[in-house]
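Good morning, and thank you for joining. Please keep the sequence and the coordinates in view while I go through this entry.

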Amino acid sequence: MARTLIVEADGGSRGNPGPAGYGAVVLDPETGEALAEAAEFIGTATNNVAEYKGLVAGLRAAHALDPQACVQVRMDSKLVVEQMSGRWQIKHPDMKPLAAEARSVFPAGQVTYEWIPRAQNKHADRLANEAMDAGKIGKQWEPGNSKAALAASAAPARSAAARAADEAAESAEAADAAPSAPAAGWGAPDLGPPATFVLLRHGETALTPEKRFSGSGGTDPELSAAGRRQAEATATALAARGSVQAVVSSPLRRCRETAQAVAARLGLEVRIEEGLRETDFGAWEGLTFAEVRERFPEDLDAWLGSARVAPTGGGESFATVARRVAVARDKLLARYAGKTVLLVTHVTPVKTLVRLALGAPPESLFRMELSAASLSAVAYFSDGNASVRLLNDTSHLR
């Protein structure tokens, strides 16, 4: 099966036409990890030319990683997306050769295009602005100086004037681009019932209220008395709902005990899935955040700053966990198509499944609250789309 890569691209011009630059990033669709970046100051050009050049650069970066990959291009330029999808004609003389160059990178059929709002294209936008900033002082963008990956989630929005210029340029070009094929309508085939994963974080252990790192590389603690009460309360609530058709658990003891309490009430067996285990936190296992900050301050800062950094002492990075969890997800989706399944797991796997369903960046893991014995839910449809339906519900514990 061909690998999938995501290309996000953008371009801008400070003047339209004016000093212009582009940015592009290639992402791993499962982890959100940036696999490659490209940016360049291109001198005086229009917004649309810069956007097309960003597209070409992104496609070339993806091709360098894997020429056989299926590529999903995401851009906030409606013009480029519609023209490259074949729904709008290309009449502007500056656009035609760039569109032809973009089509030449991968064979027809390997690339699809999707419009996204500007707020979801911050990484590429930041790269384009870094390129224009470099050009302003007579230099070119250098990867080693880029802060786009870290700053994308907090990148400042473009000024109202810049946004208006972008929109005016696209409107003018769009008016000149007669549709060459009808756009898809609202109608869609019935996809059937989705597979729904009800995500249950295990009940408390002795380490939970002390907020200590407790992963798959530590002591594998059992449920505390409070955790057993939480498991029973959850079992009662899920039995009342009556929708769960299967129970799958992480191999760690706290999850198996929680899962067994629920499964016994529902009359189901517990299946173990290794991919649902918690992150291995290495030398941090059993420590509080403050203790890690005191003993390993540089390692902790690096870990907080990148999904690719592992904890001290050979633990797992969030990128590694995301790949493992995604494999487990796909295996379970194939096994339980159209069914409602309870997955009893841990903080990182639950947050990762939610993050991947939303298409959110790795740093979103630090922006979700997930209480002990809380319930979340994600529905997965047969066309590949997912819908987050619940997050951190603890009403059954009150």
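The accessible surface of the protein comes to about 18,200 Å², and carbon and sulfur atoms account for 53% of that surface. Areas here follow the Shrake-Rupley method with a 1.4 Å probe, and for residues only the protein chains shown count as cover.

This is a predicted model, in which local features need pLDDT of at least 70 and side-chain atom pairs count only at pLDDT 80 or more, while totals for chains, interfaces and linings use all residues. Residues are numbered from 1 along each chain as its sequence is written, and side-chain values use heavy atoms, with hydrogens and water left out.

Of the 398 residues, 50% are buried, where buried means under 20% relative accessible area, exposed over 50%, and partly exposed in between (1.4 Å probe, protein chains only). The protein has 12 helices and 11 strands; these are DSSP runs, H or I of at least four residues for helices and E of at least two for strands, numbered from the N terminus. Taking contact as heavy atoms within 4.5 Å, 72% of the contacts between residues at least 6 apart in sequence join residues at least 24 apart.

Let me turn to the interior. In soluble globular proteins, nonpolar side chains tend to be buried together. A nonpolar core, as used here, is a set of buried Ala, Val, Leu, Ile, Met, Phe, Trp, Tyr and Cys residues joined through side-chain atoms within 4.5 Å. The largest such core has 32 residues, and those touching the most other members are Y52, L55, L59, V71, V73, M84 and Y113. Helix α1 gives the most to this core, with 8 residues. A second, separate core of 22 residues includes V325, L353, V354 and M368.

Which residues does Y113 touch, beyond those up to four places away in sequence? They are L55, L59, V73, V81, M84 and S85.

S85 sits in the loop between α2 and α3 and is partly exposed, with a relative accessible area of 28%. A polar atom of its side chain lies 2.7 Å from the backbone oxygen of V81. The side chains of S85 and R87 are joined by a polar contact of 3.4 Å, that is, a pair of N or O atoms within 3.5 Å, one able to donate a hydrogen and the other to accept it, with residues adjacent in sequence counting only if both atoms are side-chain atoms.

Finally, helix α12 covers residues 347–358, and 11 of its 12 residues are buried. Those buried residues pack against β6, α11, β9, β10 and β11. G359 follows α12, with a positive phi near 70 degrees.

Technical notes:
Expected span 1.5 Å × (residues − 1).
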